[in-house]
Amino acid sequence: MSFHYALVDDLLTQEEFDRRVEAVMEESGDLLDEPTAAMIVVRDLGRTHVKIRDLAAGSSLSSFFGKVVSTTAPHGFRRSDGTEGQVADILLADETGQARVVLWDEKAQAATEVGVGEVLEVIAKPSPRGKGEVTAMAFRKADCEISCGMAPDRRFLPPEKVPELVVRVIEIGRPRTFARRDGSEGRMAELVVGNPAETSRLVCWEPDLLAGIAAGSSVRIVGATRSSKGNGDEYQLDEKGEVIPLEQEVAVPLTLIGEILGSKVPESGFVSVSGTVGSAHPARSFTTRQGQPSSVRNLTISDGSGEIPLVLWGEKAALDIAPGDQVSAYRVQVRRGREGGLELHAGRGSAVVLPGSEAEPVELEGLVVPTASGPCLVEAAGECRPVEGDIPVGRLVRIRGKRVRRRIHPTEVEVRDPDPAGARDRLARLRAGIGG
């Protein structure tokens, strides 16, 4: 009975659980065995078995049944603190989907004791990695049947080598550092690439391979691997790969918004669109489930065939976008919004491209004022230009730097002597412009 008690140990004691199980068995006239009676007690306490498709919604322990599709042999690894560990996994399926059940350390050997086609009853908790993966707390063989397909979902297949990939580079993210398991520092860059067949995320673990490659260029990539994730296919490229510039232009097709609204694109699918921004609300800050600060911004975009909401997440919420701008959004996901209508969501692995994004050197002078979207430089003519970074609000400054579209990226900020009359005049011009 301790197997099922793990699901409700925060609600009652082991003794009380055992007493309730025995009571259920007595009430049935001993027609129910102990495991069945324990499952009834768990159900009565509000902790029911779920289907595999519903595992992602659980925030704590879940129990479910699944048929074994495949297993991996236990293998050892070394943790960052130097200790040794073991891991194995079991791929389970039911009629609603598949899940990878990961067994760590002393539980890993149990993967050798189950066979393909057997049905397991599992108690698991969500894995930090998500993507259809859970961590096993306990499992046992179950005497029941599950009818489902036995072909592994593409998400759980090992990465496959791609001899050659011809694509257009849509966006190149800034290289960033990360800590390897051995404590050393590595560098990586994320790209969005596309061709007539697909638009995908590509992770380059050797950013030097991208030297001389700019967004918009066409390339031939040699030595990449492809894996299927919960949010579509993804490519990986390490130091053994090669990126070769091409003169030919690789086309990336766009989808008409009217086709999306007409349900010709499946929900949760990915599309690329281009159109004109209608409404553009200010970005809103929030805290992610992992406790990290982030932002979200709501726009609408139309292309003559229809109009649809476009939701920008994370760094994309800070892009310099205003009503009337032409925007191309690549690899955005189609989702159902809170009001029931379809929306496009641009997050990790998406690219939002704005025309006229080349940097132009500038030297400007004005008054720094706060706005809902960040600091703004008000020039003598009353024009308000958004400024990137931390600059002194309420001060007259001279800025040298670069302008990308409307936004100023300072490289040097010089605080000028206060000019009360000039400041009042700039603010008056700004208010007059807003009022107009």
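Asp105 lies in the loop between strand E4 and strand E5 (119-126). Its phi is near 55°, a positive value in a residue other than glycine. The model is predicted. Asp105 is partly exposed, with a relative accessible area of 27%. Arg331 also has a positive phi near 55° and is not a glycine, but Arg331 is buried.

- Arg331 lies in strand E18.
- Its relative accessible area is 3%, so Arg331 is buried, the cut-off being under 20%.
- Arg331 sits over the face of Phe270, at 4.5 Å from the ring centre.

**Nonpolar cores**

- In soluble globular proteins, nonpolar side chains tend to be buried together.
- The largest nonpolar core here has 21 residues. Ile260, Val271, Val273, Leu310, Ile321 and Leu344 touch the most other members.
- Six elements each supply at least two residues of this core: helix H4 (257-261) and strands E14 (270-280), E16 (293-302), E17 (307-313), E18 (326-336) and E19 (342-346).
- Strand E18 gives the most, with four residues.
- What does Val273 touch, leaving aside its neighbours within four places in sequence? Val273 is in contact with Leu254, Thr255, Ile257, Ile260, Ile301, Val327, Ser328, Ala329 and Leu344.
- Another core lies apart from the largest one. This other core has 18 residues, among them Val68, Val101, Leu103 and Val122.

**Helix H2**

- Helix H2 spans residues 14-27, 14 residues in total. From its first C-alpha to its last, H2 reaches 20 Å, close to the 20 Å expected at 1.5 Å a residue.
- Phe17, Val21 and Val24 of H2 are buried. These three cover an arc of only 60° around the axis, so they are on the same side of H2.
- Glu15, Glu26 and Glu27 are exposed on the other side of H2.
- Gly29 follows H2 and has a positive phi, near 70°.

**Aromatic pairs**

- How many aromatic pairs does the structure hold? There are three.
- Phe77 is in strand E2 (residues 75-78) and Trp104 is in strand E4 (residues 97-104). The two residues are 27 residues apart, and the pair links distant parts of the chain.
- Phe77 counts as buried, at 17% relative accessibility. Trp104 counts as partly exposed, at 38% relative accessibility.
- Phe178 and Trp205 form another pair, with ring centres 5.3 Å apart. Their planes are at 75°, so this pair is edge-to-face.
- Phe178 lies in strand E8 (residues 176-179). Trp205 lies in the loop between strand E10 (199-204) and strand E11 (218-229). The pair therefore ties together parts that are 27 residues apart in sequence.
- Phe178 is partly exposed, with a relative accessible area of 26%. Trp205 counts as partly exposed, at 33% relative accessibility.

**Leu254**

- Where does Leu254 lie? Leu254 is in the loop between strand E13 (242-246) and helix H4.
- Is Leu254 buried or partly exposed? At a relative accessible area of 45%, Leu254 is partly exposed.
- Beyond its neighbours within four places in sequence, Leu254 is in contact with Ser272, Val273, Ser274 and Tyr330.
- Leu254 and Ala108 are 146 residues apart along the chain, and their C-alpha atoms are separated by 46 Å.

**Val413**

- Val413 has its place in strand E25 (residues 407-415).
- At 36% relative accessibility, Val413 counts as partly exposed.
- Which residues does Val413 contact, leaving aside its neighbours within four places in sequence? They are Ile391, Pro392, Val397, Arg398 and Ile399.
- Val413 and Arg400 are 13 residues apart along the chain, with their C-alpha atoms separated by 6.6 Å.

Technical notes: Residues numbered from 1 in each chain as written. Predicted model: local features only at pLDDT ≥ 70, side-chain atom pairs only at ≥ 80, totals over all residues. Heavy atoms only, no water. Core = buried A, V, L, I, M, F, W, Y, C linked by side-chain atoms within 4.5 Å. Buried < 20%, exposed > 50% of the residue type's maximum accessible area, 1.4 Å probe, protein only. Contact = heavy atoms within 4.5 Å. Expected span 1.5 Å × (residues − 1). Arc of directions from axis to C-beta. Phe/Tyr/Trp six-rings, centres within 6.5 Å; stacked < 30°, edge-to-face > 60°. Lys NZ or Arg CZ within 6 Å of the ring centre and 35° of its normal.
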